[in-house]
Amino acid sequence: MKNILTTLFIAVMIMVGTSVKAADPTKPNVIVIYLDDLGYGDLSAYGATEIETPNIDALANGGLKFTQGYATSSTCTPSRYGLLTGIYPWRNAKAKILPGSAPLIISTQQETLPKMLKRAGYQTAVIGKWHLGLGDGNVDWNGHITPGPNEVGFDEAYILAATQDRTPTVYIDNGYIDGLDPNDPIYVSYEKNFEGEPTGKDNPELTTMKWHHGHNNSIVNGIPRMGFMKGGEAARWSDVDIADHFLSKVKSYVKSHKDSPFFLYYALQQPHVPRTPHPRFVGKSGMGPRGDVIIEADWCIGEFMKTLEEEGVLENTLVVFSSDNGPVLNDGYYDDAVEKLGKHRPTGPFRGGKYSMFEAGTRVPFITYWKGRIKPGVSDAMVCQIDLLASLAKLVGVQAEVNDSKDMLAVLMGKRKKGRKNLVVEANGKTAYRKGNWAMIPAYKGSPMSWHSGVETAIAPEFQLYNLKEDVMQKNNLAESNPKMLNKLMAEFEAIRGT
Ligand code: NG6
Ligand code: CA
């Protein structure tokens, strides 16, 4: 009898073991879909009533929608640095908004998300916006542009160097400018103009989009940019076609790499300025170009998801959707973003926006989707993009060099409700602290407003303490009335910051 029981027990254990294994594939494709400046309130799945984003909503409603999902920072370069390295960007003094000519700020020796996945046998690719610098300080735009994404873990990289508003306005294909005519070399400078080249400042008659602040250097396709550029005519992108171009690249990447696990970082350029919807999306939102490019991005994501389905990989793919920082309306061009906003609230229920330490700066849409694996739902757990490194290492079963990244795999999969205990968020080099329901912003010198954009930075000469549960809008500063909590949070924050 004892023997029979033992045999039975072993048989059951084997069955359980087998079924667990079968239900737990450890090498799904991983896709990070990353938008640029999309706010918490910009999606209908996140409460927007004035704009329809059915394709992203399908991810949110068919996956796990996080209400406390964070970028590390309220601007682009630092958030992307955090996402790809798992390190708080404020630890790297170079992780600031970069000009298009800046050198690569990720060390080629450093651990990265794509390197970790490569060690697990993945093929890796970035398609879209880069903005983490290129070259080593003396970049050869007409030759091999290196080091860059290929040197920090991406097998394939088809990128725009910085942002759509910055020179060089060309695509870079694995370190070489796509379509560059060697007889028409390209020159890029952020210091001075090239002789005879028109600029937004001196030649407004040549512009079709007017600059409001910042963007008055070289004019490309009628749009004045940041930075100067000369030559490379044949390689220059067409702004209205960027979304379609990247979409065709991600679709063909999936088609040609679907037979073994891949990691694809699809970094869309919308709704960052200049907002240039393809003509078929113009007027679709009734909100001007900012709304139109959100609808365009939503369409791209729908088409991309269709490809995953058609190629038969949807059930074997984990999709993470998010944005690099909160929203901004006027970010340097007259494009009706403010005038045609109507009742739309890109910040959702939060205060601040891009450039801000208030919640709308870093609290962004954050969705995990895996058909058949992640049970649809809403999670209020606090998670941050910085956690993908440790979490995905856990998923694929390799060791990662982990610094600030926390293993949140169970949370991202909807198996655990408790997320991060705390988080340090960053805006233009200044940091603030989130813990539980609390948001603590230290006293800083500086401007309370990003004046050009009309966004509150949250910089103030006094300490700020908010209870987000009762005061999601961060209007009621409790720093004076609750010094005990303030001191406690300040001590924890300083321990993390190492100050
Ligand atoms: C700012 C630019 C803004 C935008 C931003 C980068 C000015 C005054 N403003 O410095 O237009 O380009 O940088 O945005 O020049 S981000 O999303 O890539 O961080
Ligand atoms: Ca951004």
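Predicted model: local features only at pLDDT ≥ 70, side-chain atom pairs only at ≥ 80, totals over all residues.
Me: What makes the overall size of the protein agree with that of a compact globule?
Reply: Take the 499 residues and apply the rule of 2.2 Å times the number of residues to the power 0.38. That puts a compact globule near 23 Å, and the protein has a radius of gyration of 23 Å, so the two agree. As for extent, the C-alpha trace spans about 95 × 60 × 45 Å along the principal axes.

Me: Why are strand 15 and strand 20 called edge strands?
Reply: The open sheet here has four strands in the order 15-16-17-20, with antiparallel pairing. Strand 15 (422–427) and strand 20 (464–467) each have a single partner strand, so one side of each has no neighbour in the sheet, and that puts them at the edges. From one strand to the next, the twist averages 20°.

Me: How do you know that the neighbours in this sheet really count as paired?
Reply: Pairing needs at least two bridges between the strands. Strand 15 and strand 16 (residues 430–435) have six, strand 16 and strand 17 have three, and strand 17 and strand 20 have four. Each of these counts passes the test. For residues to look up, Ala 427 has Lys 430 as its bridge partner in strand 16, Arg 434 stands opposite Ala 439 in strand 17, and Trp 438 is partnered by Asn 467 in strand 20.

Me: What lies between strand 16 and strand 17, and which helix lies across the sheet?
Reply: Strand 16 and strand 17 form a hairpin with two residues between them, and Gly 436 in the turn has a positive phi of about 50°. Helix 10 (residues 483–497) lies across strand 15, strand 16, strand 17 (438–441) and strand 20, and runs at about 70° to strand 17.

Me: Why is Glu 462 called exposed?
Reply: Glu 462 has 11, so the label applies. This residue sits in the loop between strand 19 (455–456) and strand 20. Leaving aside neighbours within four places in sequence, Glu 462 is in contact with Ala 443 and Ala 479. Glu 462 and Pro 442 are 20 residues apart in sequence, yet 7.3 Å apart in space, C-alpha to C-alpha.

Me: What makes helix 8 largely enclosed?
Reply: Seven of the nine residues of helix 8 (residues 388–396) are buried, so the rest of the structure largely encloses this helix. Among them are Leu 388, Leu 392 and Leu 395. The buried residues pack against strand 1 (29–35), helix 3 (76–85), helix 4 (113–119), strand 12 (317–323) and helix 9 (409–412). After helix 8 comes Gly 397, with a positive phi near 75°.

Me: What is the strand order in the sheet of 10 strands, and which strands are its edges?
Reply: The order is 6-5-4-3-11-1-12-13-2-14, in an open sheet with mixed pairing. Strand 6 (176–177) and strand 14 (377–384) are the edge strands, each pairing on one side only. Strand 5 (residues 171–173) pairs antiparallel with strand 6 over two bridges, and Ile 172 stands opposite Ile 177. Helix 5 (residues 242–257) packs on the sheet, touching strand 3 (123–129), strand 4 (156–160) and strand 11 (262–267). The direction of helix 5 makes about 170° with that of strand 3.

Terms used. Residues numbered from 1 in each chain as written. Chains lettered and ligands numbered in written order. Axes fitted to C-alpha atoms, helices over the stretch in contact; angles between N-to-C directions. Contact = placed C-beta atoms within 7 Å. Buried ≥ 20, exposed ≤ 12 C-beta atoms within 10 Å, placed from the backbone.
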